Amino acid sequence: MNLKKLAVLFSATTFFCSGIFSAVSAEEATVETTEEITIIEEDVLSEDSLWNYSLVKNNVTGEEYASLESYHGTENEVSIPSEIDGNIVCELGDYTFYENQAINKICIPETISYFGNFPFFACSSLTEFEVDDNNENFSVKDGILMDESEQVIVCFPPARTDTEFVIPDGVTELASGAFATCSSLTSVTFPDTLESMGIYCFAECTSLNNVVIPESVTELSQFNFTGCTSLTSITLPDTMSIIGDGAFFSCTSLNSIEFPAYIQEIGQCAFTSTGFTEVELPATVQKIGYSAFGYTADQQGQIVAMDSFTVKGLTGSVAQSYCAENEHVTFESTDDSAADKAAEADKVSESSKEEPEVKKGIIAAIAIVGVAVIVGVIVIIVKLKKSKSDTDEDSESENSDEETENKE
């Protein structure tokens, strides 16, 4: 299921929840507000008919420039223009090359300073980037598009055939859609320096099967692993507190998951169309979004209730409330097991308290034995000395008697 179809699917759920996909627009709006950007003119067709672009004004600097919104050419190698219809080209908008099947190389001029969301999403032939040496914002390392500092991965070319990839140490951020539709990847290793992963970061990586998220990542963004149909194992750190909307939507091979010990929020449709039929939620969960558990997408792409699903949790918890709101989802109390765990913890605690007393008794016994041994040794020494003294006295007496006899 591609990105735009997924957007339509989630838009259909707005009757039940408030705009899942609107978060993408909210993120863009935040950028525009922060940068104080004004759109002067939208969706302008270039004179050569190869591009649609928008004219943009930066209200802080007064600079006017073009943002490329879509490409209509058929070339295999595309050089993004530094100027279009007399306007400097400074950015790519959202979806600029969306689902282009012909392009295998994209050359980026020195004027580009910003990329929107998913400009290279599902470019099924794209294997290579080239960045002008004078560009102060972006670079290419080992064929991967990054920011100039090499701390942000902007795009891993979707058509590369790597099956495994180790993200370099020092990378702190993966941009939105950075690895999306990289269908050859089966494994990705994350550095401890990583802090954030953008929306749709690994969307539709259909061969990805095992993921271990480092402790440095405390939140999974929206639709992070959506459509990863081969994903069978995901390890989430206890430091993670938020799993975003649709994070594991349509991960059909994911048959189980262990939640972080301190997870607080699970987003809408986060686990819709996964492979498991029951979950156990920690008491720390404070919010569960609509259709997060117990729902699937049918052949028409509609989200429907599953026949059977069980959520385990403590009585009175958010887990129980979720089941009450979704009547087809069964709630199973874990109060007894929690009590058992508490009792076991108490036993361990008592045992740890008794252990020092036992150790004290052993030490005291050893001390007593030691004293007894020392006393015994002293007694033996005294006896030996006395015995030697008696022997010496007898010898002296005999010598005296002999001397008396000799004198007589």
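Q: How many bridges join β22 to β26 in this predicted model?
A: The model is predicted. In it, β22 and β26 run parallel. The number of bridges that join them is three.

Q: Which residue of β26 is the bridge partner of Glu280?
A: Strand β26 covers residues 309-313. β22 covers residues 278-280. The bridge partner of Glu280 in β26 is Lys312.

Q: In which sense do β26 and β27 pair, parallel or antiparallel?
A: Strand β27 holds residues 329-333. Five bridges link β27 with β26. The sense of the pairing is parallel.

Q: Which residue of β27 is the bridge partner of Lys312?
A: Lys312 has Glu280 as a bridge partner. Lys312 also has a bridge partner in β27. That residue is Glu332.

Q: How many of the five residues of β26 are buried?
A: Buried means under 20% relative accessible area. Phe309, Val311 and Gly313 point one way from β26, and all are buried. Thr310 and Lys312 point the other way, and they are buried too. The count of buried residues in β26 is five of five.

Q: How many salt bridges does the count come to?
A: A salt bridge needs a side-chain nitrogen of Lys or Arg within 4 Å of a carboxyl oxygen of Asp or Glu. One of them joins Arg160 and Asp162. By this rule the count comes to five.

Q: How far apart in sequence are the parts that Glu128 and Lys105 tie together?
A: Glu128 forms a salt bridge with Lys105, with the closest N and O atoms 3.8 Å apart. Glu128 lies in strand β9 and Lys105 in strand β7, so the pair ties together parts of the chain. The separation in sequence is 23 residues.

Q: Is Lys105 buried or exposed?
A: The cut-off for buried is under 20% relative accessible area. Lys105 has a relative accessible area of 12%. Lys105, then, counts as buried.

Q: What is the N to O distance in the salt bridge of Glu130 and Lys105?
A: Glu130 lies in strand β9 and Lys105 in strand β7, so this pair ties together parts that are 25 residues apart in sequence. Glu130 counts as partly exposed, at 39% relative accessibility. The N to O distance between the two side chains is 3.0 Å.

Q: Is Arg160 buried or exposed?
A: The side chains of Arg160 and Asp162 meet in a salt bridge. Asp162 is partly exposed, with a relative accessible area of 23%. Arg160 has a relative accessible area of 16%. Arg160 is buried.

Q: Which residues do salt bridges that share partners join into one network?
A: Glu128 forms a salt bridge with Lys105. Glu130 also meets Lys105 in a salt bridge. The network therefore consists of Lys105, Glu128 and Glu130.

Q: Where does Glu110 of the negative surface patch lie?
A: The negative patch is formed by Glu110, Asp132, Asp133, Glu136 and Glu148. Glu110 counts as partly exposed, at 43% relative accessibility. Its place is the loop between β7 and β8.

Q: Is Cys269 buried or exposed?
A: Phi of Cys269 is near 55°, a positive value in a residue other than glycine. Cys269 sits in the loop between β21 and β22. Its relative accessible area is 0%, so Cys269 is buried.

Q: Is Asp142 buried or exposed?
A: Asp142 has a positive phi, near 55°. The residue is in the loop between β10 and β11. At 62% relative accessibility, Asp142 counts as exposed.

Key:
Residues numbered from 1 in each chain as written. Predicted model: local features only at pLDDT ≥ 70, side-chain atom pairs only at ≥ 80, totals over all residues. Heavy atoms only, no water. Patch = residues over 30% accessible without salt bridge, like charges linked within 9 Å, V, L, I, M, F, W, Y side chains within 5 Å. Areas by Shrake-Rupley, 256 points an atom, 1.4 Å probe, with all protein chains shown as cover. Lys, Arg positive; Asp, Glu negative; His and termini not counted. Charge placed at Lys NZ, Arg CZ, Asp CG, Glu CD. Helix = DSSP H or I, 4+ residues; strand = E, 2+ residues; numbered from the N terminus. Buried < 20%, exposed > 50% of the residue type's maximum accessible area, 1.4 Å probe, protein only. Pairing = 2+ DSSP bridges.
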